[in-house]
Every structure is written in C-alpha cells, then in structure tokens.
Amino acid sequence: SQCPHVNFTIDSTVSIFNVLYIPEFYNYLIKNGLIKPGRMSLYLLFDPNYFSIRNLPQKAKKQIELVYNNFIQQLASSPETANICQHARSVIKHMFGEDYQLQNEFETEIKKVDELRGENFKEVFSEITQLLN
C-alpha cells in the first residue's frame, strides 16, 4: 500500500520439498494481492539431484501431474497467466524426464538434517512423506 508503483516477482525453485505446494502458494499470493498474475517464475532444482522432483516415485509424479494440470486449467483462460502456465508445464516435463532413483541418498541426507535440527521429516512433511511411500 505504501509503494503501489513496485511490482514484486516471486522466483521459486521447485524441489521435492515444495512441488506439491507451488499451485497453492501461487493462489495465495494472487488472492492476497501480493503479486500480479504474471509475476511468478518456477525454476527447477538440479543439484543435489536426490532433492530433485525427478527422484520422486512414479506414483507421486502422477499425483503431482494431476495437481499441476488442474492448476494450468484453472489459469489457462487468462493471457496474463501464460508465463506461470508455461512454467508449470515445464515442471511436469522435467519431473517425467530422467528418473534418478536416489531414494537411499535422499533418506541419508534427511536423517542428517533431522539429527542436526532435532526434527522429524516424516512429521514436518507428512504429505510429502505419503507421496514418497
């Protein structure tokens, strides 16, 4: 409200940790007037590859694909959302690219972080844990 001339852009890196929540996050930002519809870009995490969305099990990828296709359909009618729709399509395409199958590396790294932070990934990220199982 104090800087109406300022346009914010959200650049989000998509990983196993947030892929499920990106559409919800975008809708929240738009609903609350924090960004304009064309002001969000999605970038794909490549390294470390065990946190990449390519490391998700096929069943999880199919569920996420449905979420993203619904997201794209929701936005497709507006020309100002063409950017985010294209980025969402890129997320799907990348996710179904080379299958990394690095679940053991993922679990090893998560255990290290859990010990360091005194947390439990399975409790903090219960929805993601369900996708991974």
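## A buried tyrosine and its partner

At 18% relative accessibility, Tyr50 counts as buried (buried means under 20% relative accessible area, exposed over 50%, and partly exposed in between, with a 1.4 Å probe and protein chains only). Phe51 is buried as well, at 15%. Before we go on, note that this is a predicted model, where local features need pLDDT of at least 70, side-chain atom pairs count only at pLDDT 80 or more, and totals for chains, interfaces and linings use all residues. Residues are numbered from 1 along each chain as its sequence is written, and side-chain values use heavy atoms, with hydrogens and water left out.

## Rings that meet

How many aromatic pairs are there? The count comes to 10. Rings of Phe, Tyr and Trp (its six-membered ring) pair if their centres lie within 6.5 Å; planes under 30 degrees apart are stacked, over 60 edge-to-face, and the rest tilted. Take Phe17 and Phe121: their ring centres are 6.0 Å apart and their planes stand at 75°, so this pair is edge-to-face. It joins distant parts of the chain, 104 residues apart: Phe17 sits in the loop between strand S1 (10-14) and helix H1 (22-31), while Phe121 belongs to helix H5 (residues 121-124). Helices (H or I, at least four residues) and strands (E, at least two) are DSSP runs, numbered from the N terminus.

Phe17 is partly exposed, with a relative accessible area of 22%, whereas Phe121 is buried at 7%. Tyr50 and Phe51 form an edge-to-face pair too, with 4.8 Å from centre to centre and 75° between the planes.

How many disulfides does the model have? The count is zero, where a disulfide is a pair of cysteine sulfur atoms within 2.5 Å. Cys3 is partly exposed, with a relative accessible area of 43%, but Cys85 is buried at 3%.

You can find Ser41 in strand S2 (residues 40-44), and at 11% relative accessibility Ser41 is buried. Setting aside residues up to four places away in sequence, Ser41 touches Ile10, Asp11, Ser12, Asn83 and His87; contact means heavy atoms within 4.5 Å.

Leaving aside neighbours within four places in sequence, Glu127 is in contact with Leu20 and Tyr21. The C-alpha atoms of Glu127 and Leu20 are separated by 8.6 Å, although these residues are 107 apart along the chain.

The largest pocket holds about 300 Å³ of space. On a 1 Å grid over the protein atoms alone, a pocket is an open set of points with protein on both sides within 12 Å along at least five of seven lines, and lining residues have an atom within 4 Å of a point. Of the 14 lining residues, Phe106, Glu107, Lys122, Leu132 and Asn133 are the closest to the pocket's centre. Helix H4 (103-117), H5 and helix H6 (126-132) each supply at least two lining residues, and H4 gives the largest share, six.

The second largest pocket has about 190 Å³ of space. Its lining includes Cys3, Pro4, Phe8 and Arg39.

Methods:
On a 1 Å grid over the protein atoms alone, a cavity is a set of points where a 1.4 Å probe fits but cannot get out, and a pocket is an open set with protein on both sides within 12 Å along at least five of seven lines; lining residues have an atom within 4 Å of a point. Grid points are joined across faces, edges and corners, and a volume is the space filled by probe spheres set on the points.
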